[in-house]
Amino acid sequence: MGRNHEVTTVHDLLDENGELSEPGWSRRLLQRYDRSRIKAPAWRIKEWDYYLVLNKDFAGAFTISDDGYIGLQSVSLIEFGDNPWEHTETVLNALPMGKIRLPSDSSTGSTTYSDGRLQMSYEVTEGQRHITCSFDNFFEGKPFKCDIILRQPDMDTMVIATPWDEKRAFYYNQKINTMRASGYMEYDGKKYEFDPKTDFGTLDWGRGVWTYDNTWYWGSGNCDIDGNAFGFNIGYGFGNTSAATENVLFYNGKVHKLDDVTFHLPESGYTDPWKITSSDGRFEMDFIPVLDRAAYMNFKIIASDQHQVFGKMTGKAVLDDGTVIEIKDMMCFAEKVHNKF
């Protein structure tokens, strides 16, 4: 099985022993995820749907997740203006272990969470995704709400099935980029409106059984280039990627596969300039941070050190046919996360 093996047939994700039947990447969710086939304790299963909707001035991030022993439901509001700031508010649930009932497929149905303070819903219908949220006492006693539509025509996505070296541990993930965004967010009397000509949303859909201690790198972004939808997904550190990487370019609904990328973080700190390079020379970027959405906790057994850094990327990306895409000051993010959980 060579580098960047592409899965092209429909079959079950896991075999009868709970191991991945075919590690590799694909353009769609071809491998069927079935929670009942997992041969690991329920408290180790991690499932999440994460949306990021972003433009050059602001962004919203929305998470509904069931991580086995804990559920984590969160909303972030981020501004990139003269005084960049962000606030993330999280609701934690003890031992959900499947009770949140996240869908086994990203292409249909609804993902919902509701309690006395937070109501959040993702509805998938033909050609679009609808995000709604109402969050009481989101920040400084004030509520947050949103109503956002992401358009999703028939297009390629990035799907990867990756094992860890530990038995029965795996990561099954889909990234859907370049979904044009409309609608709004509202907080503290201010309305943040999205324009589908320039603004985009991304879905990070994940299911799997993770090992305990992990450090990963992930970057993603979208932009409009003269009416063409361009985006990228880059990352590493998620399991054993010998079968395939998750590094891709998106251009007008088609995926262009990349080999390996490396994040060159400055020793001086996360908010100084980074470089991102590629083994095949097809993704060479300078990244200028604007805001570090940092979060740190250490409860001994459970620990997390997260740096999701938003900033402006400039450089070149090369499509499969050799076409060079030049980008300048594209607002996106790159992150480094270390979790023990």
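**Note on salt bridges, cavities and a surface patch**

1. The count of salt bridges comes to 17. The structure is a predicted model, and the points below should be read accordingly.

2. R32 and D12 meet through their side chains in a salt bridge, with an N to O distance of 3.1 Å. Because R32 belongs to strand β3 and D12 to strand β1 (residues 11-12), the pair ties together parts that are 20 residues apart in sequence. R32 is partly exposed, at 43% relative accessible area, and D12 is likewise partly exposed, at 27%.

3. A salt bridge also joins R35 to E47, whose closest N and O atoms are 3.1 Å apart. R35 lies in the loop between β3 and β4 and E47 in strand β4, so this contact ties together parts 12 residues apart in sequence. R35 is partly exposed, with a relative accessible area of 24%, whereas E47 is buried, with 3%.

4. E166 and R44 form a salt bridge with closest N and O atoms 2.8 Å apart. E166 is in the loop between β12 (158-163) and β13 (170-187), and R44 is in the loop between β3 and β4, so the pair ties together parts that are 122 residues apart in sequence. The relative accessible area of E166 is 37%, which makes E166 partly exposed; R44, at 18%, is buried, since the limit for buried is under 20%.

5. A network of salt bridges links E6, R27 and D156.

6. The structure holds three cavities of 30 Å³ or more. Strands β4 (45-54), β15 (200-209), β16 (213-225) and β24 (324-340) each supply at least two lining residues, and β16 gives the largest share, four residues. By type, the lining of the largest cavity divides into six nonpolar, five polar and no charged residues.

7. The second largest cavity has a volume of about 60 Å³. Of its 14 lining residues, D49, S106, T111, V124 and R129 lie nearest its centre. Two or more lining residues come from each of β4, β8 (109-114), β9 (118-125) and β15; the largest share, three residues, is that of β8. The lining of the second largest cavity comprises six nonpolar, five polar and three charged residues.

8. W43 is placed in the loop between β3 (31-32) and β4. W43 counts as partly exposed because its relative accessibility is 45%.

Methods: Residues are numbered from 1 along each chain as its sequence is written. This is a predicted model: local features need pLDDT of at least 70, side-chain atom pairs count only at pLDDT 80 or more; totals for chains, interfaces and linings use all residues. Side-chain values use heavy atoms; hydrogens and water are left out. On a 1 Å grid over the protein atoms alone, a cavity is a set of points where a 1.4 Å probe fits but cannot get out, and a pocket is an open set with protein on both sides within 12 Å along at least five of seven lines; lining residues have an atom within 4 Å of a point. Grid points are joined across faces, edges and corners, and a volume is the space filled by probe spheres set on the points. Ala, Val, Leu, Ile, Met, Phe, Trp, Tyr, Cys and Pro count as nonpolar, Asp, Glu, Lys and Arg as charged, and the others, Gly among them, as polar. Buried means under 20% relative accessible area, exposed over 50%, partly exposed in between (1.4 Å probe, protein chains only). A salt bridge is a side-chain nitrogen of Lys or Arg within 4 Å of a carboxyl oxygen of Asp or Glu.
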